[in-house]
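Good morning, colleagues. Please turn to the sequence and the model that I am about to show.

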Amino acid sequence: MMASPSIDTRNEAYRSLGDVTDKQRAVLDALRVGPMSDRALAKRLGWPINRVVPRRHELVEAGLVRAAYRDTDGETGRPCVVWEVVRS
């Protein structure tokens with residue numbers, strides 16, 4: 001039985017990621033829901049912020065994630081960057 005095109009596309013995209021770690025993949029999956037800040041990523045994943053930031057940074061360096069826009073953090077009132085997955 002052939003998988004649906006959306007499943008095939010997703011599987012092909014995952015295979016193309018190569019050496020992406022499980023934690024990096026979790027960050028990517030969270031960002032596929034929509035753009036969000038590091039703090040929002042941490043909350044969504046249930047991780048401490050110091051686990052999220054390095055994984056997100058690695059994904060930026062790999063060209064898989066980019067800054068979407070600047071915003072104000074709703075909790076702290078401080079400026080933050082909202083991140084998004086780079087669409088190919």
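I shall speak about a sheet, a helix and a pocket, in that order. Please bear in mind that this is a predicted model.

Let me begin with the sheet. Three strands form an open sheet in the order S1-S3-S2, and their pairing is antiparallel. S1 and S2, the latter covering residues 65–72, are the edge strands, as each of them pairs on one side only. Between S2 and S3, which run antiparallel, there are seven bridges. Thr72 stands opposite Pro79 of S3.

I turn now to helix H3, which spans residues 38–45. Which residues of this helix are buried? They are Asp38, Leu41 and Ala42. These three lie on the same side of H3, because the arc they cover around the axis is only 100 degrees. In an α-helix there are 3.6 residues a turn, so residues three or four places apart point the same way. Just after H3, Gly46 adopts a positive phi of about 70 degrees.

Finally, the second largest pocket, whose volume is about 200 Å³. Which element gives the most to its lining? That is S3, with four residues. H3 also supplies at least two residues. Among the lining residues are Asp38, Arg39, Pro79, Cys80 and Trp83. By class, the lining comprises five nonpolar, two polar and four charged residues.

Notes. Residues numbered from 1 in each chain as written. Predicted model: local features only at pLDDT ≥ 70, side-chain atom pairs only at ≥ 80, totals over all residues. Heavy atoms only, no water. Buried < 20%, exposed > 50% of the residue type's maximum accessible area, 1.4 Å probe, protein only. Arc of directions from axis to C-beta. 1 Å grid on protein atoms, 1.4 Å probe; cavity = no way out; pocket = protein on both sides within 12 Å on 5 of 7 lines; lining within 4 Å. Points joined across faces, edges and corners; volume = space filled by probe spheres on them. Nonpolar A, V, L, I, M, F, W, Y, C, P; charged D, E, K, R; others polar. Pairing = 2+ DSSP bridges.
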